[in-house]
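Please open the structure in your viewer and keep the selection tool at hand.

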Amino acid sequence: MSLDFTQITSSIPYILQGIGVTLKIVGIAALIGFFLGTLLAICKIGKVKALAWLADIYTSIFRGTPLILQLLLIYYGVPQLFGIQVEAYIAAILAFGLNSGAYISEIIRAGILAVDRGQLEASMALGIPYGKMMKDIILPQAVKNILPALVNEFITLTKESAIVTVIGIMDIMRRSYIVGGNTYRYFESLIFAGFVYYIMVVVLTMLGKLIEKRMSRSD
Amino acid sequence: MIKIQDLHKSFGKTEVLKGISTTMNKGETIAIIGPSGSGKSTFLRCINLLETPTNGQIWVGDQEVTNPKTDISKVRERVGMVFQSFNLFPHKTVLDNITYAPITVKGMAKKEAEDIGRELLKKVGLADKEQASPKRLSGGQKQRVAIARALAMSPEMMLFDEPTSALDPEMVKEVLEVIKSLAKSGMTMAIVTHEMGFAREVADRVLFLDGGKLIEDAPPAEFFSSPKSQRARDFLEKIL
C-alpha cells in the first residue's frame with residue numbers, strides 16, 4: 001500500500017476543469033446571497049413588523065435545515081410541484097444563494113446595528129431619505145466592519161459547494177470521485193481535490209485581506 | 001419661527017418633558033440650560049422630530065411638525081442640527097460631508113454644492129481641509145465641519161445640542177467663535193449648552209429647564225443676575 005500520484009496525473013486536467021464549475025456556482029450564489037441578505041437585513045431592522053417577521057422566518061428555516069436537504073428539495077421537489085425540470089446548475093445556484101442569503105442577512109444586520117446611531121440621526125437631521133441614507137451612509141460603514149465575517153461566509157460557501165456532487169454536477173469533487181473510480185486510486189484523487197479546494201480558499205482569504213487593507217487605507 | 005405648545009415626552013414610564021410651551025422668534029439666539037436630566041436635549045430633539053413627542057404641538061414656520069401628515073424631511077431641510085458627537089460621515093471627505101445632502105436632498109448640481117461647501121469651509125476656517133478625512137481632524141475642527149455641513153442646506157434655523165461638551169477645553173473657543181459669528185449674522189438658533197459665559201454673551205433669551213419643565217424664560221442679563229426661581233438660584237450657585 002503506497003501513495004502514487006503518478007497514477008492520476010493524466011486525469012489532473014480533467015479534475016481541474018471542475019474549478020470553473022465550482023467557481024460559477026459559488027460566484028453567482030454569493031452575489032444572490034449578498035443582495036438577498038442585504039434586503040433581508042433591511043427588513044429585519046425596518047419599521048414594518050410584517051416584513052421583519054417574514055425575514056426572521058426565512059432565516060430560521062434556511063438556517064434550521066441541512067443545506068443538502070434544501071438542494072435536493074429544489075432539484076427534485078420543484079419538478080414534482082410545478083412540472084418543470086430544474087437544471088442541476090440552477091438548482092445548485094438557487095439553493096446556495098437562498099441559503100447564504102439567510103446567513104449573510106444576520107451578518108449585515110449586526111453590521112448595520114454596529115454603526116453609530118449618530119450617523120442615522122445626522123442623516124435624518126439633514127433630511128436624507130431612508131433609502132439613500134442606507135445606501136450611501138449606513139451600508140458602506142457596515143460592510144467595512146463585517147468584511148471578515150463576509151469573507152468567512154464565502155469561504156464556507158466555496159467548500160460546501162462540494163455537495164452539489166449529489167445532484168450530478170461535474171464539480172471538482174465529483175470529477176475526483178470519478179477519477180478515483182476509474183483508476184482505483186480514490187485516496188490520491190480525493191487528496192488532490194482537497195488540495196484544490198484549499199488553494200481556492202487560500203486565494204479567497206488573501207483577496208479578503210487585500211480588500212480589507214484597501215478599505216482601511218481610505219481612513 | 002417656532003411655536004411649541006404643551007410639549008410632553010415620555011420614555012416608557014419616565015416623563016422627561018412635562019408640558020413645555022414657548023416660542024422662538026426669527027433671528028433670536030436662545031440658550032437652553034439646566035441640570036443634566038432636565039430634558040433640555042430631548043426638548044431640542046423634539047423640534048426636528050428626532051424624538052417623537054408624546055403630546056403637544058410644534059410648529060416650524062407654518063408647518064406643524066407634530067401633524068402626522070407633515071413631510072418631516074421637508075421640515076428637517078429647513079432646520080439644521082449640530083450634535084455633541086459631531087456625527088460626521090467617516091467614509092467621506094470633509095467636502096463630501098458638506099455637499100452630500102445639498103446634492104442628494106435638494107438636487108443641487110455638484111459644482112454649485114462644492115462652491116458653497118468651499119465658501120462655508122472658508123467661513124469656519126478650514127479651507128485647507130476639504131480633501132481631508134474627518135478621522136484626521138481634531139474635535140474642534142470636526143465640529144466646525146459639522147456646522148458647515150448643516151449650513152450647506154441653507155436652513156432657516158439651527159439647533160445645537162451641547163456643541164462643545166465633547167471637546168477638549170482648548171478647542172471650545174474656536175467652535176464658540178463660529179457659533180457667535182452665526183448669531184451675529186442673524187441666524188435663528190437654539191443652543192443647549194453648559195457654557196454659561198457664552199450663553200450670557202451671545203443669547204437673546206435663556207430658557208432654564210428643570211425636571212422637564214420650563215422654569216424661567218428671561219434675557220441673560222436678568223436671568224444670571226437675578227433669577228426668579230429658587231431652582232435657578234440653586235443651579236447657578238452650583239456652577240458659577
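Begin by selecting residues 88-108 of chain A: this stretch is 100% helix and 0% strand, and its end C-alpha atoms lie 29 Å apart. Helices (H or I, at least four residues) and strands (E, at least two) are DSSP runs, numbered from the N terminus. The model is predicted, so local features need pLDDT of at least 70 and side-chain atom pairs count only at pLDDT 80 or more, whereas totals for chains, interfaces and linings use all residues. Residues are numbered from 1 along each chain as its sequence is written, chains are lettered from A and ligands numbered from 1 in the order in which they are written, and side-chain values use heavy atoms, leaving out hydrogens and water.

Next, select residues 190-211 of chain A, which are also 100% helix and 0% strand, with end C-alpha atoms 32 Å apart. An unreviewed UniProt entry annotates residues 12-43, 50-76, 88-108 and 190-211 of chain A as "transmembrane region"; such annotations may be inferred rather than shown by experiment.

Now colour chain B by pLDDT (the predictor's confidence in each residue, from 0 to 100). Chain B averages 93, and 100% of its residues score at least 70.

In chain B, display the open, mixed sheet of six strands, in the order S6-S7-S8-S3-S9-S10. Strands pair if DSSP finds at least two bridges between them. Strands S6 (79-82) and S10 (213-218) of chain B each have a single partner strand, so one side of each is left without a neighbour in the sheet. From one strand to the next, the twist averages 20°; angles run from 0 to 180 degrees between N-to-C directions, with axes fitted to C-alpha atoms, for helices over the stretch in contact.

Within this sheet, select S3 (residues 29-33) and S9 (residues 205-210) of chain B, which run parallel and are joined by four bridges. B:Ile32 has B:Leu207 as its bridge partner in S9(B).

Which residues does B:Ile32 touch? Among them are B:Phe43, B:Leu44, B:Ile191 and B:Leu209, where contact means heavy atoms within 4.5 Å. B:Ile32 is also one of the residues that touch the most other members of the largest nonpolar core, which has 52 residues. A nonpolar core is a set of buried (under 20% relative accessible area, 1.4 Å probe, protein chains only) Ala, Val, Leu, Ile, Met, Phe, Trp, Tyr and Cys residues joined through side-chain atoms within 4.5 Å.

How values were computed
Buried < 20%, exposed > 50% of the residue type's maximum accessible area, 1.4 Å probe, protein only. Lists of a residue's contacts leave out its neighbours within four places in sequence.
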